[in-house]
Amino acid sequence: MRNAELVVTMDADRREIRGGWVAVSGGFVTAVGEPGREPAAERTIDARGCLVTPGLINTHHHIFQNLTRAFAPALAGDLFHWLRTLYPVWSRLDEEAAYVSAWIGLAELALGGCTTTTDHLYLHPRGGGDLTSAEIAAARDLGFRFHPTRGSMSLSEKDGGLPPDSVVQDDDEILADCERLVAVHHDPAPGAMVRIALAPCSHFSVTPDLMTRTAELAERLDVRLHTHLAENADDSALCESTHGCRPVEFLESVGWGSDRAWVAHCVVPSPAEIDLLARWGTGVSHCPSCSQLIGLGVAPIREMLDAGVPVGIGCDGSASTDCASLWLETRGALLLARLRGGPEAMNAREALEMATLGGAACLGRDDIGTLETGRAGDLVVWPLEGVAFAGALSDPVEALLRCGPVAPRHTVVAGKLLVEDGQLTATGVDEMLARHHRIAGDWLEAAGGD
């Protein structure tokens, strides 16, 4: 890639190179430099008029939920209402639905400049098959860097939880499958395309014992931990009434207070709890659109960053947000921070850093999120031309998030183009969309929709 308007490296010195270039070979960055020093290359991408950044990293998602986007029966109500409405619909999830929804979801993320994503698949219906492996197959077919988390729910309605019996499992079954998936799929090597994390859904959908045993298993297998935490005031109140403590205290009580874990949302932590997260090194996935769409509140992200909490950006899944664009979420993070704390609370570079280096920190990786020699060859070429960018001459990084909307011209993962000239390079898109439409239609009909 050469002739960029600006290359934002996100390296330790936060170098930004006018007219810069990035060389990638064998899936890794081999050099980054000033114009006029470009090495010979088998193929060159001309980034004239474009901003080049590291690939964006999505730290929280529920990809299967794209089968129920803007699901009308669940739209009016709070967090618990839409969960209760959708659990029976999602109970139809099987391997085909997991594969197709993942393929479409990952394609959508690539079209929004994302090159690495996690997915919190916490729902495993009886007889549904190996859903996590089906998602991994979709990621491998597309060439997407993927961090699926083996989610779980063990408390059904009869146990005081929210989901029906059909989508929960017992603790031993969950832990055995976690260990199996790590053995089959997890790659700890630099540049890995697939890594597994363990992810009980939330404090109100699993037992404290499962949380503790999962933390112990993650330490033994040396994999990461993920869960929802402190999503809103109702979530915190439920934790206090059920467990006798606030969510961050609960996290500590079950052995999750460490830099092995990252949590989703964390909208309502106290200052003392923020200090605890920082001391532990526990990451937070900030989901701006979700916070707005279902009224969770505005997370204290500035305070977290100032305290040293690793903060990444997350799309979250449909129902809590129906558009999976990391560009949109990164812009949303910038706007929400300024809404909460004023115009000096955050700038575009800080928001972009959360979407790159912050995401890498949440996922426990030092080989993504930056463009420098030896790091993964994941990058995005963002056009800064046309009507939307007329007059945006002084600062390409601020322009990226202030102007738009923006879609990448090219998205590159491990040196391979997933998006080229604004279009997916994968074949079979129309066929996959048709399969997705059929499954989503079947679910809607079974739910009694129109």
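The model is predicted: local features need pLDDT of at least 70, side-chain atom pairs count only at pLDDT 80 or more, and totals for chains, interfaces and linings use all residues. Residues are numbered from 1 along each chain as its sequence is written, and side-chain values use heavy atoms, with hydrogens and water left out.

Start with the cores. A nonpolar core is a set of buried Ala, Val, Leu, Ile, Met, Phe, Trp, Tyr and Cys residues joined through side-chain atoms within 4.5 Å. Buried means under 20% relative accessible area (1.4 Å probe, protein chains only). The largest such core holds 124 residues. Trp 82, Leu 83, Trp 90, Leu 93, Tyr 122, Leu 123 and Leu 198 touch the most other members. Helix α2, residues 95-111, gives the largest share of this core, 11 residues. Helices here are DSSP runs (H or I, at least four residues) and strands likewise (E, at least two), numbered from the N terminus. A second, separate core has 16 residues, including Val 7, Val 29, Val 52 and Val 381.

Leu 123 shows who meets whom. Contact means heavy atoms within 4.5 Å. Leaving aside residues up to four places away in sequence, Leu 123 touches Phe 64, Tyr 87, Trp 90, Ser 91, Leu 93, Leu 131, Met 153 and Val 167.

Now the rings. Rings of Phe, Tyr and Trp (its six-membered ring) pair if their centres lie within 6.5 Å; planes under 30 degrees apart count as stacked, over 60 as edge-to-face and the rest as tilted. The count comes to three aromatic pairs. Phe 64 and Trp 90 form an edge-to-face pair, 5.3 Å centre to centre with 85 degrees between the planes. This pair links distant parts of the chain: Phe 64 sits in the loop between β6 (56-58) and α1 (79-90), Trp 90 in helix α1, 26 residues apart. Phe 64 is buried at a relative accessible area of 1%, and Trp 90 at 0%. Phe 64 also pairs with Tyr 122: the ring centres are 6.1 Å apart and the planes at 75 degrees, so this pair is edge-to-face. Tyr 122 lies in the loop between β7 (114-121) and α3 (131-142), so the pair ties together parts 58 residues apart in sequence. Tyr 122 is buried too, at 3% relative accessibility. Ring pairs link Phe 64, Tyr 87, Trp 90 and Tyr 122 into a cluster.

On a 1 Å grid over the protein atoms alone, a cavity is a set of points where a 1.4 Å probe fits but cannot get out, and a pocket is an open set with protein on both sides within 12 Å along at least five of seven lines; lining residues have an atom within 4 Å of a point. The structure holds three cavities of 30 Å³ or more. The largest cavity has a volume of about 120 Å³. Of its 14 lining residues, His 62, Trp 82, Leu 83, His 228 and Glu 231 lie nearest the centre. Helix α1 gives the largest share of that lining, four residues.

The largest pocket has a volume of about 530 Å³. Its lining has 20 residues, with Met 1, Val 22, Val 24, Ala 41 and Arg 43 closest to the centre. Strand β3 (residues 21-25) supplies the largest share, five residues. The second largest pocket has a volume of about 240 Å³. Among its 14 lining residues, Arg 195, Asp 222, Val 223, Arg 224 and Gly 364 lie nearest the centre.

Conventions: Buried means under 20% relative accessible area, exposed over 50%, partly exposed in between (1.4 Å probe, protein chains only). Grid points are joined across faces, edges and corners, and a volume is the space filled by probe spheres set on the points.
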